[in-house]
Each structure stands twice: as structure tokens, then as C-alpha cells.
Amino acid sequence: MTIESSTVYLLEVESGYAVEAKLRDAISEDQLRDWEDHWQPALWIALLRLDAEGVRQVRPQSAHWNWQTKMERIRGLLAHQTFCIVCDGITQGMMQVDLTRTSRIESQRAKPLVYVDYLENAPWNRPELYNPARYRGVGSMLIRAAIELSLQEEFQGRIGLHSLPQANNFYGRKCGMTDLGPDAAYQGLRYFEMTPKQARSFIETGEEKGRST
């Protein structure tokens with residue numbers, strides 16, 4: 001398998017400078033090792049520190065995600081693709097998408113879209129865990145990758161996803177996706193979609209918005 005890589009830029013929060021990173025169209029063994037060897041310890045160190053400070057409500061709702069298991073479930077399935085962002089030699093974010101879903105928005109109903117199954121930022125990039133966070137823009141860059149894949153598949157930029165409550169504001173306000181409300185068939189999580197028009201708007205302004213994500 002050939003892994004393609006493109007250059008993107010993240011904001012290094014402490015210095016305020018843009019730094020070069022790589023967007024890769026795969027999650028490989030390197031990313032799974034980073035998740036196990038770096039993400040997991042960083043998450044639990046932060047949670048123990050916050051627990052000691054009496055701040056328990058910031059526990060990430062994705063803390064139980066196991067990327068090893070997620071990758072095993074889609075191994076060999078061509079309808080599922082993965083992406084990651086690497087900066088400073090370590091994985092900063094990962095995303096898994098499904099190309100078999102269709103749109104729910106009335107104007108786009110039943111048209112194909114890129115469904116974002118999972119998108120997660122490294123613990124040190126989450127300001128609720130680390131202050132200051134290390135990098136900003138990881139989530140925005142991965143959403144942009146989903147849009148670019150949608151365009152490549154001739155889905156016109158349509159993407160959809162179910163959001164964990166902690167991420168509702170990011171997808172609704174910062175990404176400009178349409179909130180279709182809680183989905184009783186999917187653990188009550190809110191379902192968001194991005195139309196072709198919203199995708200064009202995100203591509204035009206997402207880089208600037210990404211500075212705050």
C-alpha cells in the first residue's frame with residue numbers, strides 16, 4: 001500500500017508560530033504505537049492531575065476509544081479509509097471514515113457522503129487537559145481532509161457525522177455544519193451534516209477558523 005502525504009500547517013500554541021506537519025492518508029502501525037505509547041500515558045497523567053485538582057468534568061468522552069480495535073474492525077474493507085496528522089515525529093490526530101452512507105438533509109437526501117466514524121485529537125492538543133495545548137488546527141485539518149475526499153469521490157464535499165457532546169460546538173459553530181438533532185438510533189448523539197455549499201465555505205475560511213480549534 002502506498003501512503004500519500006501532504007504538507008499542512010498547525011499553530012504551535014506556546015510560540016504562536018505555524019509549524020509544518022504531514023497529513024497522511026492512512027493510520028499505520030506507527031500511529032497505533034503512538035496511541036499506545038504516548039496518547040494513553042498523556043491522557044491518564046492529565047486525568048490524574050485534574051482529579052487531584054478536583055476537576056473531573058473535563059474527562060474526554062472519547063477516552064474509552066481503542067484505535068487498535070477500530071482498525072481491526074475495518075481491516076481489508078475498501079469502503080473505510082483512515083487519515084492522520086504527524087508533527088514533530090509524533091501522531092497529533094487520527095480519523096476514520098466510511099464511504100457507504102448517504103445524506104439526510106432534505107435538499108441532499110440519499111446522495112452519497114463521507115461519514116466521519118471517528119476523529120480524535122492527541123491529549124496534549126486538548127486545552128481542557130493541557131494548558132497551554134501544544135498544537136491547534138488538527139481537527140480542522142482532518143475535517144478538511146474528509147471534504148477533499150468527498151470531492152475526490154464526486155460527493156461534492158458532503159460529509160456527515162455523529163458528534164460527542166463535547167464536540168458539538170466545534171462541528172456546529174466552527175465547522176458550520178447543519179445540526180439535525182439527537183439521533184435516537186445512535187446513542188442519542190447529535191447528527192451533523194455539511195452540504196456542498198457549507199463545504200466550499202469551510203475550504204475558503206477553514207484555515208482561519210482552524211487557528212482556534
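Author: On one side of helix 2, Glu72 and Arg73 are exposed, exposed meaning over 50% relative accessible area and buried under 20%, with partly exposed in between (1.4 Å probe, protein chains only). Helices here are DSSP runs of H or I with at least four residues, and strands are runs of E with at least two, numbered from the N terminus. The model is predicted, so local features need pLDDT of at least 70 and side-chain atom pairs count only at pLDDT 80 or more, while totals for chains, interfaces and linings use all residues. Residues are numbered from 1 along each chain as its sequence is written, and side-chain values use heavy atoms, with hydrogens and water left out.

The buried residues of helix 2 are Trp67, Lys70, Met71 and Ile74. They lie on the same side of helix 2, because they cover an arc of only 95° around the axis, the arc being that of the directions from the helix axis to the C-beta atoms. Their cover includes helix 1, strand 3 (80–87), strand 4 (90–98) and strand 5 (114–121).

Helix 1 (residues 29–52) and helix 2 (residues 67–74) have axes that come within 9 Å and cross at roughly 165°; axes are lines fitted to C-alpha atoms, for helices over the stretch in contact, and angles run from 0 to 180 degrees between N-to-C directions. Helix 1 is therefore roughly antiparallel to helix 2, a description for angles over 145 degrees. In this contact (heavy atoms within 4.5 Å), helix 1 contributes Leu32, Trp35, Glu36 and Trp39, and helix 2 contributes Trp67, Gln68 and Met71.

Methods:
Angles under 35 degrees count as roughly parallel, over 145 as roughly antiparallel, 65 to 115 as roughly perpendicular and the rest as oblique.
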